[in-house]
Amino acid sequence: MGNASSTLTQYDIEEVQEHSNNLFSQQEIVSLYKRFCQLDRNCKGFISADEFLSVPEFAMNPLSQRLLKMADGLNFKDFVAFLSAFSTKASMPQKVHFIFKVYDSDSNGKVTFNDILEVLRDLTGSFMSDEQREEVLSKVLREAGYSRDSTLLLDDFIKVL
């Protein structure tokens, strides 16, 4: 499973469905597999960061570099699991957990003031100064009962959101 010359068996499809919390139908998984094979230009069974960047919508995303860290080297099963957070069938906790992982750039299970500030910088670009971003973020954290020095675990992050 994962290179352009192979096809998905019914077992493969069901395995991928289970791995992605059954958020995609069998037909959607077959479509995703076709897209995966198109992106996997070298037929290695995984998608590299450069191959991901060939998708215009992905390349234009202001968070693309953060997403690339999460997506680089995914095989098909993990590719579908990665995309499951974007499914309309994904629950709010699943989506929030994915967002948390985007903010948690060092994958230590914690989000700091600087982690959030970096994402804000990616999202706002030159529309806001660093001082404005820090002021807004400090106020949001304060309103949720946290400070600049707080380290947010997933539950804390949810509270701030």
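Reader: Why is lysine 89 called partly exposed?

Author: Lysine 89 has a relative accessible area of 49%. Buried means under 20% relative accessible area, exposed over 50%, and partly exposed in between (1.4 Å probe, protein chains only). The value for lysine 89 falls in the middle class, so the residue is partly exposed.

Reader: What should I know about the model before going on?

Author: This is a predicted model, in which local features need pLDDT of at least 70 and side-chain atom pairs count only at pLDDT 80 or more, while totals for chains, interfaces and linings use all residues. Residues are numbered from 1 along each chain as its sequence is written, and side-chain values use heavy atoms, with hydrogens and water left out.

Reader: How many helices and strands does the protein have?

Author: There are 10 helices and 2 strands. Both are DSSP runs numbered from the N terminus: helices are H or I with at least four residues, strands E with at least two. Along the sequence the pattern reads α-α-β-α-α-α-β-α-α-α-α-α. Of the 161 residues, 38% are buried.

Reader: What makes glutamate 28 and lysine 89 a salt bridge?

Author: Their closest N and O atoms are 3.8 Å apart. A salt bridge is a side-chain nitrogen of Lys or Arg within 4 Å of a carboxyl oxygen of Asp or Glu, so the pair qualifies. Glutamate 28 lies in helix 2 and lysine 89 in the loop between helix 6 (76–84) and helix 7 (92–103), so the pair ties together parts 61 residues apart in sequence. By this rule the count comes to 7 salt bridges.

Reader: Which side chain meets glutamate 118 in a salt bridge?

Author: That of arginine 66, at 2.9 Å from N to O. Glutamate 118 is in helix 8 and arginine 66 in helix 5, so this bridge ties together parts 52 residues apart in sequence. Arg66, Glu118 and Asp122 are linked in a network of salt bridges.

Reader: Is arginine 66 buried or exposed?

Author: Arginine 66 is buried, because its relative accessible area is 9%. Glutamate 118, at 33%, counts as partly exposed.

Reader: Why does aspartate 115 have no salt bridge?

Author: The nearest side chain of opposite charge, arginine 66, is 5.6 Å away. Lys and Arg count as positive and Asp and Glu as negative; His and the chain ends are not counted. Since 5.6 Å is not within the limit, the aspartate 115 side chain, though buried, has no such partner. Aspartate 115 lies in helix 8 (residues 113–124). Its side chain reaches the backbone nitrogen of threonine 112 at 2.9 Å.

Reader: Where do arginine 133 and aspartate 130 lie?

Author: Both are in helix 9 (residues 130–143), 3 residues apart, about one turn of the helix. Arginine 133 is buried at 4% relative accessibility, whereas aspartate 130 is partly exposed at 33%.

Reader: How many disulfides does the structure hold?

Author: The structure holds 0 disulfides. Cysteine 37 is in none, and the nearest cysteine sulfur, that of cysteine 43, is 7.4 Å away. Cysteine 37 is buried at 14% relative accessibility, and cysteine 43 is partly exposed at 40%.

Technical notes:
Polar contact = N/O pair within 3.5 Å; in protein donor to acceptor, adjacent residues only side chain to side chain. Disulfide = S-S within 2.5 Å.
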